[in-house]
Amino acid sequence: MEWSWDRIPAEFVVTNVMLCRGGTLAKGRGFLHVRKGRIEALGAGSPSHEGIPVLDAGGMVCAPGLVDLSVHFREPGNEEKETVATGSRAAAAGGYTAVVTMPDTDPAVDNSGMVRYMIDRGREAGLCRIFPTGAISPGRRGEAMTEFGDMVAAGAVGFTDDLNPVANGNLLGNALKYAGMLGVPIITHPEDQTISGRGVMHGGYWATRLGLAGMSRAAEDAALFRDIELARAAKGHLHVAHVSTKGAVAIIRRAKDEGVRVTAAATPHHFSLDHARCRDWSPLFKTNPPLREADDLAAIAEGLADGTIDAIATDHAPHTATEKEFQFDQAPFGVVGLETALAVGITYLVRTGLLDLGQLVACLSERPARALNLPAGRLEEGAEADFVLIDPERPWTVAARAFRSRSANSPYLGETLTGRAVATFLRGRLTWRDEDGAGAS
Ligand SMILES: [Zn+2]
């Protein structure tokens with residue numbers, strides 16, 4: 001039967017793919033058989049499937065749908081930056097089928113009604129699975145604990161006050177204990193704000209040279225050290241949202257060796273860009289944690305390669321163009337990342353030989369799903385048919401107007417990256433197709 005992109009049938013077979021799962025890229029060509037939203041079968045070769053529509057993927061890589069452990073979708077409260085629908089569109093275009101949302105909306109996701117709201121908005125958009133996190137404290141004020149049990153029952157997959165790191169160690173310790181009992185992690189943005197103070201970029205040569213207040217590595221390392229000791233004492237699960245320093249990689253490596261339940265993610269910008277990029281005062285390079293130095297970037301790549309860092313998470317943080325035109329010290333922190341993460345990984349980790357493609361795909365799908373125990377990121381028989389077809393060789397130039405996100409505050413604007421999601425499927429339904437240059441025809 002004829003394949004038609006306009007009407008994806010309930011049952012179809014994708015042939016001529018390089019299956020990529022379990023951290024390895026298959027040597028030969030294979031197939032994926034989808035039936036009623038699930039993976040019916042997959043494997044090497046191309047068995048005959050009489051009467052079933054066949055999509056010849058032309059040698060594309062077929063990977064599990066990507067899973068992002070940290071996105072800021074801004075709804076409710078700042079819909080001019082992003083909504084759950086526009087964020088889901090960006091996710092699908094980046095090859096993602098599942099994202100974990102941060103609770104720093106306005107109002108914050110700090111009760112079960114808000115958790116359900118996020119899940120419902122995600123279902124309405126229908127492009128991506130939404131796994132919300134809840135705030136640790138009401139209003140993210142760090143004073144008391146929210147109702148963890150209610151929120152987990154409503155679907156929360158973890159708790160975090162993210163950009164308002166919990167300064168009160170007693171509160172965080174209790175949060176780790178309760179979350180642990182509920183089987184979910186506390187997600188930490190490790191930053192001792194008495195150390196980072198009013199810093200706007202990494203405390204190093206360029207901050208001094210530009211006359212900007214710096215955030216030293218010590219702010220991250222000291223806070224992380226405390227958080228890990230609290231997790232050890234509480235026997236809870238600590239997940240580190242975004243590792244940016246070589247010290248943090250070493251601290252996590254040791255804690256894992258000692259059996260502390262800690263998992264971690266790093267963002268694409270933290271392994272690809274260093275603080276020198278701030279030299280022209282562009283706020284597109286203003287992130288928290290800040291872009292660091294070459295040896296930090298190398299330590300993060302090494303941490304991803306040896307499994308110290310479980311996952312790559314984008315920390316997708318949309319801001320309007322106006323805000324990112326403020327002066328560097330006035331502009332908000334954060335960059336968008338959903339539509340560039342895969343290509344940044346291929347360009348900066350795979351093509352440089354730091355990881356192979358199988359490892360990179362695992363860092364973007366199976367490993368993040370496992371770290372937060374999410375029902376996602378599985379390319380296997382019986383699993384829901386969430387998958388992405390990737391052209392790992394395709395060069396493309398990052399352009400603001402091409403973003404599906406409502407915002408375009410990307411540090412890669414104008415850069416030519418390699419590798420692209422050419423088609424994304426959620427439960428066997430097409431959520432994204434790259435019309436120009438899709439190798440799959
Ligand atoms: Zn953060």
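Buried is taken here to mean a relative accessible area under 20%, exposed to mean over 50%, and partly exposed to mean anything in between. The exercises below concern a predicted model.

**Exercise 1. Is Asp 68 buried or exposed, and with which side chain does its own side chain make a polar contact?**

Solution. First compare the accessibility with the cut-off: Asp 68 has a relative accessibility of 0%, and because buried means under 20%, the residue counts as buried. Second, list its surroundings, leaving aside neighbours within four places in sequence; the residues in contact with Asp 68 include Tyr 96, Ala 98, Val 99 and Val 100, and also Ala 313, Thr 314, Asp 315 and Leu 338. Third, pick out the polar contact, which the side chain of Asp 68 makes with the side chain of Thr 314 at 2.4 Å.

**Exercise 2. Which residues are the protein donors of the zinc ion, and how are they spaced in sequence?**

Solution. Start from the ion: its protein donors are Asp 162 through OD, His 189 through ND1 and His 242 through NE2, and they lie 2.1 to 2.3 Å from the zinc ion. Read along the chain, the donor residues are spaced D-x26-H-x52-H. The pair Asp 162 and His 242 links distant parts of the chain, being 80 residues apart. Asp 162 sits in the loop between helix 3 (148–154) and helix 4 (169–182), whereas His 242 sits in the loop between strand 13 (238–240) and helix 8 (246–257).

**Exercise 3. What is the order of the four strands in the open sheet, and which are its edge strands?**

Solution. The four strands follow the order 10-13-14-15, and their pairing is parallel. The edge strands are strand 10 (186–188) and strand 15 (311–312), each of which pairs on one side only. At one end of this order, two bridges join strand 14, residues 262–266, to strand 15, with the two strands running parallel; Ala 265 has Ala 311 in strand 15 as its bridge partner.

**Exercise 4. Into which domains is the protein divided, and which three residues supply 21% of the area that domain 1 buries against domain 2?**

Solution. The division gives domain 1, made of 11–63 + 384–433, and domain 2, made of 66–371. Taken over C-alpha atoms, the centres of the two domains are separated by 26 Å. To describe the boundary, note that 42 residues of domain 1 are in contact with 51 residues of domain 2, and that the domains bury about 3,400 Å² between them, 59% of it on carbon and sulfur atoms. Arg 406, Asn 409 and Tyr 412 supply 21% of the area that domain 1 buries against domain 2, more than any other three residues.

**Exercise 5. Where does Asn 409 lie, and which backbone atoms does its side chain reach?**

Solution. Asn 409 lies in the loop between strand 16 (387–397) and strand 17 (416–426), and it is buried, with a relative accessible area of 2%. Its side chain reaches the backbone oxygen of Ala 317 at 3.0 Å, while the backbone nitrogen of His 319 lies 3.0 Å from a polar atom of that side chain. Leaving aside neighbours within four places in sequence, Asn 409 is in contact with residues including Leu 284, Pro 318, Lys 324, Gly 334, Val 335 and Val 336.

Definitions and conventions. Residues numbered from 1 in each chain as written. Predicted model: local features only at pLDDT ≥ 70, side-chain atom pairs only at ≥ 80, totals over all residues. Heavy atoms only, no water. Pairing = 2+ DSSP bridges. Buried < 20%, exposed > 50% of the residue type's maximum accessible area, 1.4 Å probe, protein only. Polar contact = N/O pair within 3.5 Å; in protein donor to acceptor, adjacent residues only side chain to side chain. Contact = heavy atoms within 4.5 Å. Donors = N, O, S within 2.8 Å, 3.2 Å for Na, K, Ca; no water. Domains from an automatic or database assignment. Buried area = accessible area lost by both parts, 1.4 Å probe.
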